[in-house]
Amino acid sequence: MTLTLPERFEELSDARKEGFVKVMKLKEEGKGIVGVFCAYTPTEVLDAAGLVSAGLCGTSQETIPIAEQTLPKNLCPLIKSSYGFAVSEKCPYTYFSDLIIGETTCDGKKKMYELLRDLGKDVYVMQLPQSNKRAYAAQVWREEIKLLIEYIEKKFDIEITDEMLRESARKMNRLRRAKHRMFELQKMDPPPMYGIDMVKATEGEGFKLTVDDRIKAIEDLCEHIESNYKENGTDVPKTQKRIMLTGCPMGGVMDKVVKTLEDSGGVVVVYDTCAGTRTCEDLVDEDADDILLAIAERYLKIGCSVMHDNTERTDNMERLIKEYKVDGVVEVILQACHTFNVEAVKIEREVRRAGVPYTKLEVDYSDTDRGQISTRIEAFLEMIDK
């Protein structure tokens with residue numbers, strides 16, 4: 001098969017051009033490219049299959065206008081941005097993907113997957129249980145993972161054995177431990193880095209092409225942070241108020257929320273998000289007799305608001321507040337994300353029960369509310385007694 005770059009290639013920035021060329025080279029070398037949207041994707045399966053996995057969630061306002069030519073304006077910006085990158089051919093991973101894996105998390109994503117198929121993409125959708133509290137939930141998710149394995153084996157003409165899955169589980173657990181170690185460094189007082197720098201580090205890790213490369217990147221970073229803190233201390237003043245960020249994925253609002261918060265006298269010491277502690281604390285039981293079931297059980301422990309009766313998130317709230325010495329909690333809700341917005345009622349209750357101030361910010365990816373967000377953040381930080 002002869003690979004071609006998108007028609008708009010010359011209009012793209014140099015960095016994005018480089019991304020397209022890099023992914024195209026991987027495909028020319030015979031690597032399969034799989035795009036994923038959610039932390040529920042069992043990455044052990046993709047690693048065992050020797051596939052390159054990449055996150056496809058859109059984090060930019062740039063492609064939302066073209067997405068709104070098809071999608072409703074009052075839809076989650078993450079969904080609109082993700083679809084916009086696909087339809088505008090501005091994301092190398094989406095453009096060159098051999099397979100896109102989605103899960104039935106929210107209604108907007110479920111229907112967006114159908115539109116991605118209309119663009120000619122091979123989209124495989126896993127049917128996520130609506131609750132992890134049923135006795136049969138883990139078996140349901142195990143069956144979904146098994147079906148995914150069968151689909152990948154057929155599509156890429158490979159075999160994925162239990163031992164391959166077990167070895168991949170060991171690697172993924174090592175990656176999770178490395179990420180958790182990095183997050184726990186923020187327990188220091190004052191912390192060794194600003195929250196925005198921690199996010200940049202995890203985002204950079206996500207663009208590494210193999211799990212081994214990702215592990216090395218995070219482990220090396222942890223070593224550097226620890227030694228630098230020991231020798232030189234930190235640039236974070238002790239007077240900065242220690243903040244937990246919780247809620248929706250925040251990739252598209254980092255500058256507007258996190259940078260503003262940290263420029264105003266705070267420092268994010270813990271992220272209770274999909275890219276934070278929520279997805280790296282639980283490990284797969286590598287020695288379980290049924291490795292597929294062990295993988296399924298691990299993923300269903302993720303405390304996401306899409307789950308009915310999501311006690312995992314509320315149960316962890318007080319513990320995280322104490323462990324990271326949190327002075328205040330900011331919950332970030334993306335426009336039209338109903339599950340997180342409704343669940344915010346319970347989160348606020350738990351935070352206030354722990355004796356810590358709480359505020360909720362409802363945002364989209366645009367800059368129209370930047371001034372309002374800045375004012376609210378400054379007022380919130382001023383009311384916190386350090």
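In which helix does Ala-201 lie? I looked it up: Ala-201 lies in α9 (helices are DSSP runs of H or I of at least four residues, strands runs of E of at least two, both numbered from the N terminus).

I note that the model is predicted, with local features needing pLDDT of at least 70, side-chain atom pairs counting only at pLDDT 80 or more, and totals for chains, interfaces and linings using all residues. Residues are numbered from 1 along each chain as its sequence is written, and side-chain values use heavy atoms, with hydrogens and water left out.

Entry on Ala-201. I set aside its neighbours within four places in sequence and found Ala-201 in contact with Met-182, Ile-218 and Leu-221 (contact means heavy atoms within 4.5 Å). I also checked Thr-70, 131 residues away along the chain: the two C-alpha atoms are 34 Å apart.

Entry on α7. This helix covers residues 137-156, and its 20 residues reach 29 Å from first C-alpha to last, close to the expected 28 Å (1.5 Å times one less than the number of residues). I listed its buried residues, among them Trp-141, Arg-142 and Glu-144 (buried means under 20% relative accessible area with a 1.4 Å probe, protein chains only). Just after α7, I found Asp-157 with a positive phi of about 55 degrees.

Conventions:
Buried means under 20% relative accessible area, exposed over 50%, partly exposed in between (1.4 Å probe, protein chains only).
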